[in-house]
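Colleague: Could you walk me through this one? I'd like to take it slowly, a piece at a time.
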Amino acid sequence: MALLPIIHYPDARLHKIATPVAAIDDGIRNLARDMAQTMYSAPGVGLAATQVDVNKQVIVIDISETHDQLLVLVNPQILDSRGRSDCEEGCLSLPGIFEKVTRAEWVRVQAMGLDGKSFQLEADGLLSVCIQHEMDHLKGKVFVEYLSELKQKRIVGKLKKQQRRTL
Ligand code: K1U
Ligand code: ZN
């Protein structure tokens, strides 16, 4: 098992578009295991492969307090969505930044599991938000890019100040 370094915003690698996984093999199983360990240790409730500089469509999510409800979604696709809702979001690539984003309230998602089988999942609440947030990472989009240019500039300034303090 390994903890993977998480890329911090602004970094051009967060804008890469992830490629679909052709087949589940030991490489993908090990990646999902290391991503889960990295997410739990951060701590966070989700992580996309893009955030650990792997250009593959893999996300891990666990919104449980007990850390025993791990979801691994390979090649996720949104089949249907309903409603709109505002939710405060955070991101392990932007430590300390929390902002409200409007997203679909309910989603139906199709993905491949680590057993290589396709499955569908319906989600609302935090799980729905988290799935949409992580799928955006796979498309190279970071949640603050839904905000105004001015807000984005202020956030980048705050993050750069934070990074200087930790160097
Ligand atoms: O960086 C990421 O993509 C993970 C992100 C997922 C997320 C959280 C909230 C709304 C949308 C997406 C996080 O996990 S940020 C950290 C966080 O929210 C959290 C940390 C510890 C306990 C509970 C939540
Ligand atoms: Zn994120």
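Colleague: How are the donor residues of the zinc ion (ligand 2) spaced in sequence?
Modeller: In this predicted model, the donors of the zinc ion (ligand 2) follow the spacing C-x41-H-x3-H along the sequence. A pair among them links distant parts of the chain, since Cys91 sits in the loop between β3 (71-89) and β4 (99-112), while His137 belongs to helix α2, 46 residues apart.

Colleague: And which atoms coordinate the zinc ion?
Modeller: The zinc ion is coordinated by SG of Cys91 together with NE2 of His133 and NE2 of His137, at 2.0 to 2.3 Å.

Colleague: Switching to ligand 1, which residues come nearest?
Modeller: There are 14 residues around ligand 1, and of these Val45, Gly46, Gln51, Leu92 and Glu134 come nearest. Sorted by class, the shell holds six nonpolar, six polar and two charged residues.

Colleague: Which helix gives the most to that shell?
Modeller: That is helix α2, residues 125-138, which contributes five residues to the shell around ligand 1.

Colleague: What lies 2.6 Å from an oxygen atom of ligand 1?
Modeller: A backbone N or O atom of Leu92 does. As for side chains, an N or O atom of His133 is 3.1 Å from an oxygen atom of ligand 1, and a polar atom of His137 lies 3.4 Å from an oxygen atom of ligand 1.

Colleague: How much of ligand 1 does the protein cover?
Modeller: On its own, ligand 1 has 540 Å² of accessible area, and the protein covers 78% of that. The space that ligand 1 takes up is the largest pocket.

Notes: Residues numbered from 1 in each chain as written. Chains lettered and ligands numbered in written order. Predicted model: local features only at pLDDT ≥ 70, side-chain atom pairs only at ≥ 80, totals over all residues. Heavy atoms only, no water. Near = heavy atom within 4 Å. Polar contact = N/O pair within 3.5 Å; in protein donor to acceptor, adjacent residues only side chain to side chain. Areas by Shrake-Rupley, 256 points an atom, 1.4 Å probe, with all protein chains shown as cover. 1 Å grid on protein atoms, 1.4 Å probe; cavity = no way out; pocket = protein on both sides within 12 Å on 5 of 7 lines; lining within 4 Å. Sits in = over half its atoms within 2 Å of the grid points. Helix = DSSP H or I, 4+ residues; strand = E, 2+ residues; numbered from the N terminus. Nonpolar A, V, L, I, M, F, W, Y, C, P; charged D, E, K, R; others polar. Donors = N, O, S within 2.8 Å, 3.2 Å for Na, K, Ca; no water.
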